[in-house]
Each structure stands twice: as structure tokens, then as C-alpha cells.
Amino acid sequence: MQRCDNCGLSVDNQHERCPLCAKPLGGRGESVLEYPPYARLYREEKAVTPRKLTVFVTIAAIIIVGTINILTASENPRPWSIVVAACLLYAFMTLHGTILSRSHFGRKVLEQFAALSILMVVFDLESGFSRWSLNYVLPVFSFTATLAITVAAIAKRSLWREYSGFLLAAFFASLLPGALYLIGLSSVAWTGALSAVYSLLSIVGLMVFSDRKLKDEVRKRFHT
Amino acid sequence: MRRWYRLDNAGKLYPAVATQRNSSVYRVSGVLKERIDASILQKAVDMVLPRFPMLAVRMRRGVFWHYFDANDRRLFVREDGDFPCYPIDPQAENGYLMKVLYYRCRVSVEIFHSVTDGSGAIEFLKSLLFYYLLFSGKEVRSEGLVRECDEAVSPSDVEDGFRRYYAEASIVPEARENAYIIRGTDFDVPGNNVVHGALSASGLNAVARRRGGTITAYLAAVLMRSIYQTRQSRGMDERPVVVAIPVNLRKLFPSRTLRNFYGVVNVEAGDLAVVDLDALVARVDASLREKTSAEALQGLITANVNLEARRAARIVPLFAKKLLIRLGNDLWGETKKTITLSNLGRIDLPSTMSEHVEQIECAAFPTPRSPINCGVCSLGDRLLITFTRAIEEADILQRFFSHLSREEGLDVFIYSNDWGGLRCKDATTVDSR
């Protein structure tokens with residue numbers, strides 16, 4: 001056993017220096033109390049990783065396109081770079097949030113639904129906002145999202161254990177087109193109604209075809 | 001057996017506040033007298049885990065709250081390679097919110113605090129070591145001190161003590177001023193440094209008695225003074241030094257629960273410049289006694305449960321709740337204390353076991369506003385004081401341990417994982433083994 005005179009403490013043989021004041025103590029011995037060497041955690045973080053690269057390329061592209069847009073505003077005053085930026089952000093999100101991500105399939109579907117919907121609304125706004133995105137695309141997307149989650153749930157046979165929450169979220173998303181019509185933002189009623197009805201039927205189907213686990217699952221998910 | 005659990009009152013905090021810098025994962029370890037055999041340890045885990053169903057869980061997201069689902073997958077033991085209290089990624093652990101690690105002679109159990117508190121973790125560690133020793137051919141008997149696997153899991157093991165002892169009453173929490181916050185330099189590579197100080201439990205107890213307090217009160221007082229003495233020259237502000245002390249509620253509110261059942265009391269002692277140590281210990285001891293009386297702790301349980309029991313609070317959706325809990329913790333939790341001192345107390349092992357166990361260690365996780373925290377526990381006469389810190393500065397620890405050694409004449413033996421020290425930096429170039 002060694003002693004650190006500076007601190008007045010006995011120090012375990014494994015330490016070359018006092019762990020508190022860093023005073024050199026002498027040799028480094030073996031000890032049953034030793035911790036792992038942590039070399040893996042201490043390895044230098046790489047300066048260039050695929051993720052950092054895509055972050056940089058995306059930001060650079062958005063800034064460059066925005067600059068060109070501003071410089072050429074006298075020729076073409078439309079803010080077209082916003083569309084390009086939205087596309088780039090969508091591509092980034094798809095790469096990291098969907099393709100490379102380990103998150104749940106249901107979550108990816110809902111994230112794609114949200115991202116694609118926003119992208120389409122941006123397109124629509126840029127092309128004069130004739131509301132095609134809210135009237136037709138949003139209902140189709142919510143229909144597709146609900147369908148994708150239902151199919152995945154049936155294929156994986158774990159409807160209630162893994163997918164019920166996502167299906168419920170998809171149901172609420174499917175009410176969105178109808179809600180937009182009611183507040184006057186979209187101008188076509190039947191598409192919104194169709195998407196809401198389809199989602200409702202999915203939920204009803206879930207209840208009818210589910211087994212006794214349903215009650216349990218609802219109780220778990222909704223306990224207050 | 002129950003297939004799912006609500007989170008208990010204390011456990012609801014951690015999913016909302018846990019981050020990379022606040023892992024909310026603590027560690028309890030047992031150091032044996034010989035090297036750990038991974039396959040035997042795995043066998044012991046497979047044996048013991050079904051006896052602790054409230055630990056064998058995965059966390060899921062409900063609409064209003066998180067909840068625990070029973071997890072039937074296998075929990076694999078792993079060789080330790082991360083720093084203590086490393087954040088747990090459930091996906092990498094087969095869904096579990098805990099890890100069983102080994103390195104040389106040490107078995108470590110790391111648990112996300114939502115699952116259980118230090119007492120629950122110690123019970124698990126005791127049973128794990130018991131079966132490990134049994135399977136490695138040692139003659140060990142439980143002597144009624146270790147939960148064995150042939151006992152049935154009783155409902156009292158999984159009860160929610162907070163709900164059991166909740167007495168509805170309206171309590172207005174006292175307004176407290178913000179506490180002094182320890183600042184320091186982050187390590188080059190962010191991580192936790194642990195420094196353990198081993199000393200004689202009876203020796204420390206004698207010193208504490210002589211100074212007029214319990215071990216916890218005495219250590220809290222020395223901590224306060226160490227913080228004050230090292231930091232006052234470095235432009236310490238006027239805010240009080242507050243030591244947060246988690247209290248095991250099972251002692252006053254009888255329960256055998258293996259889930260969270262603790263309350264935190266904050267102790268401060270006014271102006272540290274004029275108080276001498278004896279007076280300080282007496283003051284801390286008196287304050288601790290007052291705050292851990294049956295009525296005070298009943299009030300604490302009620303106040304804590306009230307926060308979640310209000311109808312309006314219950315129906316806030318989970319994502320919004322998370323924000324509110326985080327905000328509340330920042331405003332009324334983290335800013336009101338300087339350091340946490342968690343004393344798990346004396347750990348009773350059967351004599352047939354303790355001859356194979358060198359010592360038990362426990363490490364409390366640091367947080368950004370509480371970058372140094374302290375865990376204490378003892379086995380036999382060997383008491384371990386463990387500081388876990390996320391900052392380079394060791395001034396407070398040095399003052400603390402030097403006081404015990406120089407002024408009280410206790411023999412303190414220290415060792416560390418050396419995070420941020422030379423050994424770690426060298427390891428990047430040449431792996432010394």
C-alpha cells in the first residue's frame with residue numbers, strides 16, 4: 001500500500017499517481033479493485049463521419065441555393081429556394097430517420113406521413129396554393145399510413161402489443177383532413193370524410209378481431 | 001404474476017429528466033475475493049431475475065404515463081467497459097433498464113432509477129451474489145438475510161409504498177431558496193470519475209458520536225464544510241450549501257417492497273463561516289431528525305403523491321407531462337441542492353457469504369447541476385464512501401477525505417477508476433494490458 005503525503009491518505013497500489021491530487025506515488029501495481037481501461041471510450045471521435053458529412057452537405061446546399069435565389073431575385077422574384085430546402089431537409093430526414101434509424105416501423109410511418117405532408121403543403125404554397133395538398137394528398141397519405149400500419153401489424157401478428165398505439169395515432173392523423181375542411185382550410189369534403197371513415201373502420205376492425213388482450217392493453221395504455 | 005406495473009411516484013421523475021449527462025442510473029457493486037466467472041454469473045442471473053419480477057421489465061409509453069411491461073427475454077451479463085452510471089440503452093439490453101456487469105473480481109448491477117431504489121438494488125445484488133457463490137461451489141446459507149429463489153414472489157414485494165401510505169391532505173410545500181451549485185470543468189471526454197474511500201465503520205461511527213451525530217449527519221456536515229472551505233476562495237456566492245439526503249421510507253413505513261420507496265430531505269446549516277464542526281454536526285443532526293420524523297416523512301409522501309394525483313395532472317398527455325416534470329425538477333429539485341449524499345447503510349450478509357465478499361460499493365449518478373454526488377454503504381466493518389463526479393476538480397473530495405484522515409485520525413484507503421486521469425489518456429495510445 002502506498003501513501004500520499006499531500007492528502008494524508010493510503011492509496012491503492014494500482015495508482016501511479018494520487019487520484020485526488022495527481023502527486024506521483026511510484027510504481028503501478030496490480031489490484032483486485034481495478035476498473036476497466038476505458039480505451040474504447042477514450043478513442044478520438046472521428047472528424048468525418050457519414051452523419052456529419054450529410055449534415056454539412058445539407059446545410060451548405062441550403063445556404064448556397066438561398067444565396068443564388070436572393071442574387072437572382074431581379075430575374076425571378078419567386079422564393080423557389082424554399083422548395084429546394086424543403087426537399088433537402090426531407091431527404092436528410094428520410095436518410096437518418098427512416099433508412100438508417102433503428103426506431104419502430106410504426107413510428108417511421110408516422111414520421112414519413114408528417115414529413116411528406118409538410119413537403120406537399122410547401123409545394124402547394126409555392127405553386128399558388130390551389131389547396132390540392134390539403135384536399136387530396138393529405139387524405140391519401142393518411143389512408144396510406146393507416147393501411148401500412150395495419151398491414152405490418154397483421155403480418156407481424158403483434159397488433160396489440162406493438163402497433164395499437166401507432167394505429168391510434170394514425171387514426172387521429174386521419175381526422176386531420178376533415179378538421180381542415182371544417183375550419184375552412186381545405187375545400188373538398190369527401191376526401192376528408194373518406195380518410196376518417198377508413199381509419200374508423202380500421203379501429204373498429206381492431207376491436208372486433210382482437211382477442212381478450214384488448215382490454216388489458218387499453219387499460220395499460222390509458223391508465224391515468 | 002402481474003404482467004405490467006405502473007411507475008411508482010418516485011419513478012415517474014426519471015424518464016422525463018434522464019439525458020446523456022444525467023443518466024439516472026446508479027450502480028451497486030460487490031467485490032469478491034476471486035475473479036468472476038462469467039458463465040456462472042449468467043447462471044445466477046437466470047436464476048435470480050424471475051424472483052425479482054419488478055426488475056425484469058421494459059418501459060413502454062402510455063397515453064398519460066409510462067408503464068412497465070414484464071420482460072421475458074434473457075438479461076445477458078457483460079464485461080464492464082463503460083464508466084459507472086453510463087446511460088442505459090434498453091434496445092441494447094434486450095429491453096431491460098438494468099445491467100449486470102463484471103470485471104475482474106467485481107460484479108456491478110446498474111439500474112435506471114425508475115425501476116427501484118438503492119435498497120431494492122442491494123436486495124437483488126445480495127441474491128445474485130448468493131447464487132453466484134452457491135453455483136461456484138461455496139457453502140453458503142441465506143440465514144434469512146437473502147431472498148431465495150424458491151420463495152414465491154409475494155404481492156408485498158411489488159407493492160407501491162407511496163400509494164399504500166398516501167394519506168390525502170393538502171400540503172403547501174415550503175418555499176426554499178436556491179442552493180449553491182458546484183461548478184467545474186467538464187472532462188475532455190465526458191464521463192464519470194469515481195473515487196472510493198474505504199475506512200472502518202466502527203471508527204467512523206465513534207468519531208461521529210463524539211462529534212454528536214449519526215454517521216449520515218456527520219458526513220453531511222463534513223461535506224458542507226469541505227465545499228465551503230474549498231469554494232469560498234473561488235468566489236462562492238451567498239447561496240446556502242444544501243445536502244440532499246435520500247431517506248429509506250421502509251424503516252418508518254413498514255414495507256418489503258422492491259420498488260422505489262424513498263424520500264429526499266434537504267439539509268442545510270446556515271452560515272458555514274462561523275460554525276465549528278461540532279456545532280455543525282449537532283445542527284445537521286437536529287435538522288435531519290426533525291425532517292425524518294414520522295410526521296415529516298408522511299408529509300413528504302403526501303406532497304409527492306399529490307403532485308401526480310390531481311385529476312388535472314393525470315390527464316395531461318405524456319409528452320406535455322414530460323416537459324412539465326422536467327421544468328418542475330429544474331425549478332424545485334435540482335436548483336435546491338448542492339450535492340446528494342445517499343447512505344444505503346449497513347448491508348447485512350450471512351456470515352457464510354461475507355467471508356467471500358471483500359466489500360460492497362455504491363455509486364450515485366451526477367447531474368449537470370449536481371456534478372458531484374456521494375454514495376455510502378458498509379459491509380461488516382468496511383465502510384465505503386464513493387464520490388461520482390463529472391468534473392475535473394477533485395478539491396472537495398480531497399478536502400473531505402483529508403479531514404477524515406488528518407483531523408479525525410481515521411485510516412482512509414482510496415482508489416479510483418481514474419476517469420480523466422493519466423491511465424485513461426495513456427490507454428488511447430498504448431493499452432497497458
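I take two strands as paired if DSSP finds at least two bridges between them. Strands (E, at least two residues) and helices (H or I, at least four) are DSSP runs, numbered from the N terminus.

I am working on a predicted model, in which local features need pLDDT of at least 70 and side-chain atom pairs count only at pLDDT 80 or more, while totals for chains, interfaces and linings use all residues. Residues are numbered from 1 along each chain as its sequence is written, and chains are lettered from A and ligands numbered from 1 in the order in which they are written.

**Across the chains.** I looked up the partner of S10(A) and found F413(B) in β15(B) as its bridge partner. Strand β2 (residues 9–11) of chain A and β15(B) run parallel, joined by 2 bridges.

**The sheet.** I traced an open sheet of 9 strands with mixed pairing, in the order β1(A)-β2(A)-β15(B)-β8(B)-β14(B)-β13(B)-β11(B)-β9(B)-β10(B). β1 (2–4) of chain A and β10 (262–267) of chain B each have a single partner strand, so one side of each lacks a neighbour in the sheet. I then followed β9 (residues 243–248) of chain B, which pairs with β10(B) in the antiparallel sense over 6 bridges; A244(B) stands opposite N266(B).

**The interface.** I counted contacts (C-beta atoms, placed from the backbone, within 7 Å). By this criterion, 46 residues of chain B are in contact with 32 residues of chain A. α13(B) gives the most to the side of chain B that touches chain A, with 6 residues.

Definitions and conventions:
Two residues are in contact if their C-beta atoms, placed from the backbone, lie within 7 Å.
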